Amino acid sequence: MHVVALVPAAGRGTRLGADMPKALVPVLGESLLLRAVRGLLGSGSVHHVVVAAPPEQLGRMEHELAELGDRVQVVPGGDERTDSVRAALDAAERFVPTAEVVLVHDAARAFTPAEVIRAVVAEVAAGACAVVPVLPVADTLKRVDEDGTVLSTVDRSPLRTVQTPQAFTPEVLGEAYARSRDVATDDAGLVERAGHPVRTVPGHSHALKITTSFDLAVAETVLAPAHDSESEVYAESDPPGA
C-alpha cells in the first residue's frame, strides 16, 4: 500500500526551554525532526513524508532534511497542531494523490520503533479505517473535586495512553478534518467524533514524546544510544519489504 506520513512540526518547544522549534532540538547531534522522519522512511512502510514547519523556518527545516531526498516535502504549518496537520494533509493530496494510508506522527516521538510504524499500517491494510498505538496505564488514577479531595479511584484496566504514528484511510482523516474546526491534540479524537471506529495496536515505551528537559535527558542517555545501535544493525541488513 502507498503510505504517506504527515509530521506537524511547527511547535515552539517552550516546555523544553529551547530557543528554537522543538522539532529542531538536537539529541546527540541530530534533531528530533531528522530522527523522526528518517525513522518513518526507514521502517520500510512509509513512501513519502510531508512536514509542516513554522513558516519562518521553512528553509532551515528543508536543509535539515535534505539528506533524505525528494521523498520529503516541507510546507508551511499553522499556529495550532490541527492547522499544521490540515496544511500537511492538503499538501499530501497534491504531492501523493495515490496514497492509500495516511499516518500522522509527532516529531517529538523521534525514537518510535519501526515495528510500531509497520503495525499501524498493517492494521489499515487489513481493513481498519483508523488505528492508534497504545500502552496500558501504569499509575493509579484518582478522581478529585475542585478542592483536590479524592472522590474515587478510577478503574484503569480499560484505559490506555495513546502514541503516534496514528494511521487512517485518506477518506476518513479528510472527512474528520472537513467536519471539524476544533483545536485537537489527537487526530483519532476527531475521527471518533465523526463516528468512525478506531482500533488499537500495542505501542512501545521508546515512543516517548520528548516534551520536557527530563524527557530530553532520557532521550540522550537511553533512547538515542539504543536507537542508533539498532539503526546500525538495520543498515547492514535488507530493509523490510526489500
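What covers the buried residues of helix H3 includes strands E1, E4, E5 and E6, along with helices H5 (170-179) and H6 (187-193). Helices here are DSSP runs of H or I with at least four residues, strands are runs of E with at least two, and both are numbered from the N terminus. Buried means under 20% relative accessible area, exposed over 50%, and partly exposed in between, with a 1.4 Å probe and protein chains only.

Before I go on, the ground rules. This is a predicted model, in which local features need pLDDT of at least 70 and side-chain atom pairs count only at pLDDT 80 or more, while totals for chains, interfaces and linings use all residues. Residues are numbered from 1 along each chain as its sequence is written, and side-chain values use heavy atoms, with hydrogens and water left out.

Back to H3. The buried residues in H3 are Arg81, Thr82, Ser84, Val85, Arg86, Ala88, Leu89, Ala91 and Ala92. The helix has 15 residues, 81-95, and at 1.5 Å a residue it should span 21 Å; its end C-alpha atoms are 21 Å apart, so the two agree. The expected span is 1.5 Å times one less than the number of residues.

At the end of that stretch, the charged end of Arg94 sits over the ring of Phe95, 5.8 Å from its centre. The rule for this is CZ of Arg or NZ of Lys within 6 Å of the ring centre and within 35 degrees of the ring normal.

Now the cores. A nonpolar core is a set of buried Ala, Val, Leu, Ile, Met, Phe, Trp, Tyr and Cys residues joined through side-chain atoms within 4.5 Å. The largest one has 31 residues, and Leu33, Val37, Val49, Val51 and Leu103 touch the most other members. Elements giving two or more residues to this core are E1 (3-8), H1 (32-42), E4 (48-53), E5 (72-76), E6 (101-104) and H4 (114-125). H1 gives the largest share, 5 residues. A second, separate core has 27 residues, including Val96, Ala130, Phe168 and Leu190.

Take Val51 as an example. Beyond its neighbours within four places in sequence, its contacts (heavy atoms within 4.5 Å) include Leu33, Val37, Met61 and Val74.

What does Val102 touch, beyond residues up to four places away in sequence? The list is Val4, Leu6, Leu89, Gln166, Ala167, Phe168, Pro170 and Leu173. Val102 is in strand E6 and is buried, at a relative accessible area of 2%. Val102 and Leu6 are 96 residues apart in sequence, but 7.3 Å apart in space, C-alpha to C-alpha.

His227 is in helix H7, residues 213-235. Is His227 buried or exposed? It is buried, with a relative accessible area of 16%. Setting aside neighbours within four places in sequence, His227 is in contact with Arg35, Ala110 and Phe111.

Last, some backbone details. Strands E8 (141-144) and E9 (150-154) pair in the antiparallel sense over 4 bridges; pairing takes at least two bridges found by DSSP. Lys142 stands opposite Thr153 in E9. The hairpin has 5 residues between its strands, and Gly148 there takes a positive phi near 90°. Leu28, in the loop between E2 (26-27) and E3 (30-31), also has a positive phi, near 50°, though it is not a glycine. The peptide bond from Thr164 to Pro165 is cis, with omega near 10°, and Pro165 lies in the loop between E10 (160-162) and E11 (166-168).
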